[in-house]
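User: I'm new to reading protein models. Could you walk me through a helix and some charged pairs?

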Amino acid sequence: MMAAPAIRTRITSLFGCKYPLILPGMSWISDPNLVSAVSNAGGVGILATGPLSADETRNAIRTIRSNTDKPFGIGTTLLMPGAEANAKVAIEEQVPIINISLGKGDWIAERVHEYNGKILATVTNAKHAQSAIDSGADALMLTGHEAAAHGGDVTSLVLIPCISKRFPDVPIVAAGGFADGRTLSAAIALGADAVAMGSRFATTKESSLAHQMKEIIANPELSGGSTEADTIYGKNFDGIPARVLKSAESSRLNKKPASLPLVIYRAFNAAQKMNIPLYKVIPGLITQFDKMYMVAQFGAATESLMKATVDGNYDEGVQFIGQSQGLIEDIPAVDELVQRIILEAIETSSQTYETLSEKRMT
Ligand SMILES: Cc1cc2nc3c(=O)[nH]c(=O)nc-3n(C[C@H](O)[C@H](O)[C@H](O)COP(=O)(O)O)c2cc1C
């Protein structure tokens with residue numbers, strides 16, 4: 001079959017990729033294997049560095065470089081311990097795209113621009129979009145309410161046109177609710193220049209999401225249900241409003257959050273597993289309790305998230321997933337998926353054009 005033609009948007013021009021499809025950072029999933037598969041297929045893979053130490057980040061970047069000569073990025077959640085160290089490694093390694101979230105990255109932007117790298121800032125509203133642009137972001141990733149994990153309050157359907165109208169000169173990646181060619185075509189119509197797909201790329205052959213979870217997401221009849229309606233959005237999972245797969249454990253947590261001592265105990269456990277020394281955690285917990293409590297909840301969630309994502313334990317774990325799981329019915333290879341989505345988007349756009357021009361003539 002002929003390969004889908006290259007698509008030119010402000011994002012494909014900025015990042016130097018063939019197709020406007022991004023793999024966003026997903027802990028334990030957006031690893032060197034999946035990142036290079038997406039970049040080799042013509043999109044842009046973004047490495048998740050949340051669970052990685054600085055040395056592991058450097059090794060992962062080098063592995064990606066040995067698998068692909070195509071553009072790729074790394075994601076860094078600035079609020080988290082270890083994020084700065086990982087960003088410094090990415091700068092030393094001159095990673096082409098740095099995706100920053102939950103924090104201001106002025107110093108990162110300054111240094112990344114010195115080697116002509118690009119900054120993609122993840123935001124969920126206009127205020128944070130403005131602040132990211134002021135801090136040197138070259139493009140925005142807008143995360144709508146439909147998204148897996150930390151989508152904002154506003155749905156992609158409204159968020160994308162509002163932000164693209166307000167910041168017409170800034171290229172936009174739409175995240176949250178995009179999983180096929182029709183939704184890609186819709187995103188472009190709304191003012192986006194690319195889509196980031198978490199749920200969809202997580203359920204591909206190359207993804208290291210636990211096989212049991214992939215099967216449940218692609219086959220709703222295997223679990224209590226994994227249709228577009230079977231997610232829960234709440235703040236009891238990791239302290240920040242997040243969307244997860246509905247299950248016995250996520251329903252229970254949604255009603256009753258973990259107690260404070262349990263959160264702190266699990267956070268210390270997670271810090272130890274990630275080799276973060278306690279002397280870095282304890283002072284913050286005392287002097288900036290609110291912020292550190294949020295970070296503690298984030299760290300404490302590691303155990304239940306890993307149970308689902310890594311171990312495939314649907315009953316006892318918590319799985320980030322978006323409403324777009326309703327569009328997922330198979331587990332294809334990345335390259336096959338990318339080709340299918342681009343061809344379907346082109347087909348959808350021409351059907352939309354035909355429909356609207358016929359209506360105009362009658
Ligand atoms: C399985 C899975 C794990 C994720 N893990 C993270 C994560 O560790 N950190 C994060 O900021 N976002 C995470 N996300 C969210 C994605 O980065 C992205 O914003 C989201 O998937 C977009 O919505 P979609 O799932 O509808 O495509 C995760 C998403 C999924 C599906």
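User: What do the buried residues of H3 pack against?

Analyst: Keep in mind that this is a predicted model. The buried residues of H3 pack against helix H2 (32-40), strand S2 (44-48), strand S3 (72-77) and helix H4 (83-92).

User: Which residues of H3 are buried?

Analyst: Here's the general idea to start with: an α-helix has 3.6 residues a turn, so residues three or four places apart point the same way. In this structure, the buried residues of H3 are Thr 57, Ala 60, Ile 61 and Ile 64. They sit on the same side of H3 because they cover an arc of only 100° around the axis.

User: And which residues are exposed on the other side of H3?

Analyst: Look there and you'll find Asp 55, Asn 59 and Ser 66 exposed.

User: How many residues does H3 have, and what is its reach from first C-alpha to last?

Analyst: H3 runs over residues 54-67, so to speak 14 residues, and reaches 20 Å from its first C-alpha to its last. That's close to the 20 Å expected at 1.5 Å a residue.

User: Okay, on to charges. How many salt bridges does the structure hold?

Analyst: Side chains of opposite charge can pair when their charged atoms come close. This structure holds 10 salt bridges.

User: Which residue forms a salt bridge with Arg 62?

Analyst: Glu 93 does, and the closest N and O atoms are 2.7 Å apart. The pair links distant parts of the chain: Arg 62 is in helix H3, while Glu 93 is in the loop between H4 and strand S4 (97-101), 31 residues apart. There's a network here too, in which salt bridges link Arg 58, Arg 62, Glu 92 and Glu 93.

User: Where do Glu 84 and Lys 88 lie?

Analyst: Both lie in helix H4, 4 residues apart, which is about one turn of the helix. Glu 84 forms a salt bridge with Lys 88, with the closest N and O atoms 4.0 Å apart. Glu 84 is partly exposed at 46%, and Lys 88 counts as partly exposed at 37%.

User: What do the side chains of Lys 307 and Glu 316 meet in?

Analyst: A salt bridge, at 3.8 Å from N to O. Lys 307 counts as partly exposed at 29% relative accessibility, and Glu 316 counts as partly exposed at 45%.

Note on methods. Residues are numbered from 1 along each chain as its sequence is written. This is a predicted model: local features need pLDDT of at least 70, side-chain atom pairs count only at pLDDT 80 or more; totals for chains, interfaces and linings use all residues. Side-chain values use heavy atoms; hydrogens and water are left out. Helices (H or I, at least four residues) and strands (E, at least two) are DSSP runs, numbered from the N terminus. The expected span of a helix is 1.5 Å times one less than its number of residues. Buried means under 20% relative accessible area, exposed over 50%, partly exposed in between (1.4 Å probe, protein chains only). The arc is that of the directions from the helix axis to the C-beta atoms. Contact means heavy atoms within 4.5 Å.
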